[in-house]
Amino acid sequence: MSDLNHSNNNEHPDFNEISGEEKLQVLRDLIELTDSHLTQQVLAIGMDTHEEDLIRIEAWRALGMAGSSALLGEILHAAAQLVRDSEEDEDVQNYISQTLALLPVTEAEIQLAQEVLEGNANILVKGAAFAILVAHQQVNGAASAPRIASIRS
């Protein structure tokens with residue numbers, strides 16, 4: 001298989017043309033996500049509610065490597081949408097939140113993590129939200145959030 005991270009779009013797989021199992025393997029084989037076209041494709045997979053959850057989870061895992069991407073704002077916005085969606089699969093929400101712990105975030109994602117902790121989300125999703133706060137203590141509001149979360153528990 002060709003290196004998926006070259007900037008030549010002809011070397012990237014067309015995710016619409018490959019099967020679920022092959023798509024899963026291609027996502028697992030990604031070791032960096034620096035190409036905007038590939039990042040956009042991976043984000044589309046992560047957002048596609050018709051895609052298998054395991055494939056979406058692998059897409060979000062890969063998006064955790066997109067911290068320097070020009071699409072970071074779009075990734076963060078998409079993540080927030082899915083984490084707030086009460087119809088979204090909890091395993092997918094968990095991995096999205098874990099991805100946010102890896103990416104550079106803003107106060108908006110810190111607020112999202114606080115909302116998850118204060119809400120009635122699955123315990124694994126809450127754990128991942130807590131990881132966002134721990135990983136990003138330097139962002140305004142994150143440093144005090146763990147104390148607030150423990151007081152409200």
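A121 sits in the loop that runs between α6 and α7. The model is a predicted one. With a relative accessibility of 29%, A121 counts as partly exposed. Apart from neighbours within four places in sequence, A121 is in contact with V116 and K126. Its C-alpha atom is 9.5 Å from that of Q93, a residue 28 positions away along the chain.

**Helix pairs**

Helix α2 (residues 36–47) and helix α4 (residues 72–84) have axes that come within 11 Å and cross at roughly 5°. An angle under 35 degrees counts as roughly parallel, so α2 is roughly parallel to α4. On the α2 side the contact is made by T39, Q40, L43, G46 and M47, and on the α4 side by E74, I75, A78, Q81 and L82. Five of the residues in this contact are nonpolar, four polar and one charged.

For helix α3 (residues 53–63) and helix α5 (residues 90–102), the axes come within 8 Å and also cross at roughly 5°. This crossing makes α3 roughly parallel to α5. From α3, D53, R56, I57, W60, R61 and L63 meet D91, V92, Y95, I96 and T99 of α5. The contact of α3 with α5 comprises six nonpolar, one polar and four charged residues.

**Nonpolar core**

The largest nonpolar core contains 42 residues, and F15, L27, L33, V42, W60 and I75 have the most contacts inside it. Two or more residues come from each of α1 (20–29), α2, α3, α4, α5, α6 (107–118) and α7 (123–135). The most are given by α4, with eight residues.

**Salt bridges**

Side chains of opposite charge can pair when their charged atoms come close. The structure holds six salt bridges.

| Pair | Closest N to O distance |
|---|---|
| E88 and R56 | 2.8 Å |
| E115 and R84 | 3.0 Å |

K23 in helix α1 and E51 in the loop between α2 and α3 are 28 residues apart. K23 is buried at 8% relative accessible area, and E51 is buried at 14%. E88, in the loop between α4 and α5, is 32 residues from R56 in helix α3. E88 is buried at 7%, and R56 is buried at 1%. E115 lies in helix α6 and R84 in helix α4, so this pair ties together parts 31 residues apart in sequence. E115 is partly exposed at 33%, and R84 is partly exposed at 46%.

Note on methods: Residues numbered from 1 in each chain as written. Predicted model: local features only at pLDDT ≥ 70, side-chain atom pairs only at ≥ 80, totals over all residues. Heavy atoms only, no water. Axes fitted to C-alpha atoms, helices over the stretch in contact; angles between N-to-C directions. Helix = DSSP H or I, 4+ residues; strand = E, 2+ residues; numbered from the N terminus. Parallel < 35°, antiparallel > 145°, perpendicular 65-115°, else oblique. Contact = heavy atoms within 4.5 Å. Nonpolar A, V, L, I, M, F, W, Y, C, P; charged D, E, K, R; others polar. Core = buried A, V, L, I, M, F, W, Y, C linked by side-chain atoms within 4.5 Å. Buried < 20%, exposed > 50% of the residue type's maximum accessible area, 1.4 Å probe, protein only. Salt bridge = Lys/Arg side-chain N within 4 Å of Asp/Glu carboxyl O.
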